[in-house]
Amino acid sequence: MNCLELQESLATAEDGSSLGRDSERQAHLKTCPECSALVAELNLIASSAIELRAADEPSPRVWNSIEIALRQEGLIRPQRPSRSLLPSLGSRWAWARWAMPVAAAVLIAVGIYVRQTSLPVQLARDVAPHAAVPNEVSDVAIAGLNDDDLLQEAAQQSPAMQAQYTDNLRRVNQYIQDAKGVVAANPNDEEARRSLMEAYQEKAMLFELAMDRSLP
Amino acid sequence: MSGRTIELVVVGAMLAGSLAAETHKDYRFNVGPKAGVSVNNPFGSVSVKPAAGNVVVINAVLYSDKVEVDNNLVGNRVEVQSHLLPGGDAESGRVDYEILVPSDASVTLHSSTGSLHAEKLHGDVTLEGAAATVDIRDISNAHVHVKTLNGPVTITNVQDGHVEVDSLSGEVTLNSVTGPLVQVISTSGGINYIGDFGDRGEYRLTSHSGNIEATVPGSTSADVSARSVRGEVHDDIPLQPKTHTWFPTNNGSAFWGTMGQATMSSTVVLRSFSGKIHLRKRNSK
């Protein structure tokens, strides 16, 4: 297995825990410090994403928004003076309110990773233009979320803004695709990598806005 | 009674009913230096201006009994939340705020459809909203952070600011905005910068498909690089071209050069994928 084949095998890995288990990968990783560092970083990102679910404490604004939702759903009394400190567990989309900030954080982490990781010299020499970068590890595989989740959340929470979210999602996905294309064509272009990071940042913001119950 | 008189009576009655539905509430908090003020108002406007002294004064207009205002002073931080009650919606849940804060206060505002406005402050300002119109002016020595989905953003007269604007499709206009870092990222909204790029700052304006236009006076000193992958790049100002560039600067899709005094110059990066980029000289009147 060479560097290119290892990169491609990473793109097909379902999650970070499966990285590095294959015997051919292991053999290559033992001899290639660049790829070994790459896999180590991906595993770190994957493990950090899991830890974020437990460690990421929502802001008071999120609690306030959850309380508004509870009031609207009639689960707490209208004039109750104290704030609920527990997230809604009964709501159909409760999981999404936790998962989306995690997804946003992971997308940002991917963007930072893509920016910071320099391609191995050997890879730059051997690889065809469209297979060079590790951003082929899909957003869905890393974050565990997809665009449909975002759109359903927007449809439920902000029906008046659903068209706006749909349109902006389409645009930001095109942004990411274009940025990926430029990075693939110019793998050593730091500006291109930064553009890709910014595109991911925009998508992360879209998720953040969609899950914020205080906003339409 | 004439038809016109009846009409006036009806309009008056409607107006009176409307006014009767509005409720004005005032709150006042004594705070220390560098206080924090946070306002979360799902539907309605928020306007923040400087107060005399270390006091936060909140004037809220509630448009129905379907919404209430929660407020709290925690340490040196004032938190305000518009609470939608059962049956409340975007119309009945509307609250408009006018808030006076110490000029050194840090302000965080969240809204959706209302306008967000902050002026004459030198504490950090963070404004966030989906379709909210954002207007920030006369800020100095502070961080200014803005996030919008499609709401337009206008920032005027910010000096020594650390300015970061993220907008998916809203138009962003910066007028006389300078500082160590001025960064705008947009997916499809246009970016319009009017000013002189200060000195020794980093200015980065990026849009995927929106147009970028920078209008600068002839006295501007800046290293300017502009590059559009699929759009056009126009430069009305003579630049001293860079002798060493790492990207091709021909075909009307990119340029890179220095205007004014290189020793005093800021770094200006204009990037787009399919939008047009235009660097133009401001006409003196």
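## Chain A at a glance

Reading along the sequence, chain A runs α-α-α-α-α-α-α-α-α-α. In numbers, chain A has 10 helices and 0 strands. Please keep in mind as you explore that this is a predicted model.

Of the 216 residues in chain A, 39% are buried.

## How α9 and α10 pack

Two packed helices are described by the angle between their axes and the distance between the axes. For helix α9 (residues 162–185) of chain A and α10(A), the axes come within 8 Å and cross at roughly 160°. Because angles over 145 degrees count as roughly antiparallel, α9(A) is roughly antiparallel to α10(A). The crossing of these two helices, α9(A) and α10(A), is left-handed.

Which residues of α9(A) and α10(A) make the contact? From α9(A) come Y165(A), N168(A), L169(A), V172(A), Y175(A), I176(A), A179(A), K180(A), V182(A) and V183(A). From α10(A) come A192(A), R193(A), S195(A), L196(A), A199(A), Y200(A), E202(A), K203(A), L206(A) and A210(A). By class, the residues of the contact of α9(A) with α10(A) are 14 nonpolar, 2 polar and 4 charged.

## How α8 meets α10

Helix α10 (residues 190–211) of chain A also packs with helix α8 (residues 147–157) of chain A, at an angle of about 35° and with the axes 9 Å apart. Here too there is a left-handed crossing, as α8(A) passes α10(A).

The α8(A) side of this contact consists of L150(A), E153(A) and A154(A), which meet F207(A), A210(A) and M211(A) in α10(A). Sorted by class, the residues of the contact of α8(A) with α10(A) are 5 nonpolar, no polar and 1 charged.

## Where chain A touches chain B

How many residues of chain A are in contact with chain B? There are 26 of them, and they are in contact with 30 residues of chain B. On the side of chain A that touches chain B, α4 (60–72), α9 and α10 of chain A each supply at least two residues. That side of chain A has 12 nonpolar, 8 polar and 6 charged residues.

## The nonpolar cores

The largest nonpolar core has 90 residues. Those with the most contacts inside this core are V37(B), V56(B), I99(B), V107(B), V125(B) and V144(B). The largest share of this core, 12 residues, comes from α10(A). A second, separate core of 7 residues includes C3(A), L6(A), L29(A) and V39(A).

Leaving aside its neighbours within four places in sequence, V107(B) is in contact with V37(B), V48(B), V101(B), A118(B), L121(B), G123(B) and V125(B).

## A stop at N175 in chain B

N175(B) sits in strand β15 (residues 172–177) of chain B. Is N175(B) buried, exposed or partly exposed? With 15 other C-beta atoms within 10 Å, N175(B) is partly exposed.

Beyond its neighbours within four places in sequence, N175(B) is in contact with T156(B), I194(B) and G195(B). Y193(B) is 18 residues away from N175(B) along the chain, yet their C-alpha atoms are separated by 6.1 Å.

Definitions and conventions: Residues are numbered from 1 along each chain as its sequence is written. Chains are lettered from A and ligands numbered from 1 in the order in which they are written. This is a predicted model: local features need pLDDT of at least 70, side-chain atom pairs count only at pLDDT 80 or more; totals for chains, interfaces and linings use all residues. Axes are lines fitted to C-alpha atoms, for helices over the stretch in contact, and angles run from 0 to 180 degrees between N-to-C directions. Helices (H or I, at least four residues) and strands (E, at least two) are DSSP runs, numbered from the N terminus. A crossing is left-handed if the near helix is turned anticlockwise from the far one by less than a right angle, and right-handed if clockwise. Two residues are in contact if their C-beta atoms, placed from the backbone, lie within 7 Å. Ala, Val, Leu, Ile, Met, Phe, Trp, Tyr, Cys and Pro count as nonpolar, Asp, Glu, Lys and Arg as charged, and the others, Gly among them, as polar. A residue is buried if 20 or more other C-beta atoms lie within 10 Å of its own, exposed if 12 or fewer, and partly exposed in between; C-beta atoms are placed from the backbone. Angles under 35 degrees count as roughly parallel, over 145 as roughly antiparallel, 65 to 115 as roughly perpendicular and the rest as oblique. A nonpolar core is a set of buried Ala, Val, Leu, Ile, Met, Phe, Trp, Tyr and Cys residues joined through C-beta atoms within 7 Å.
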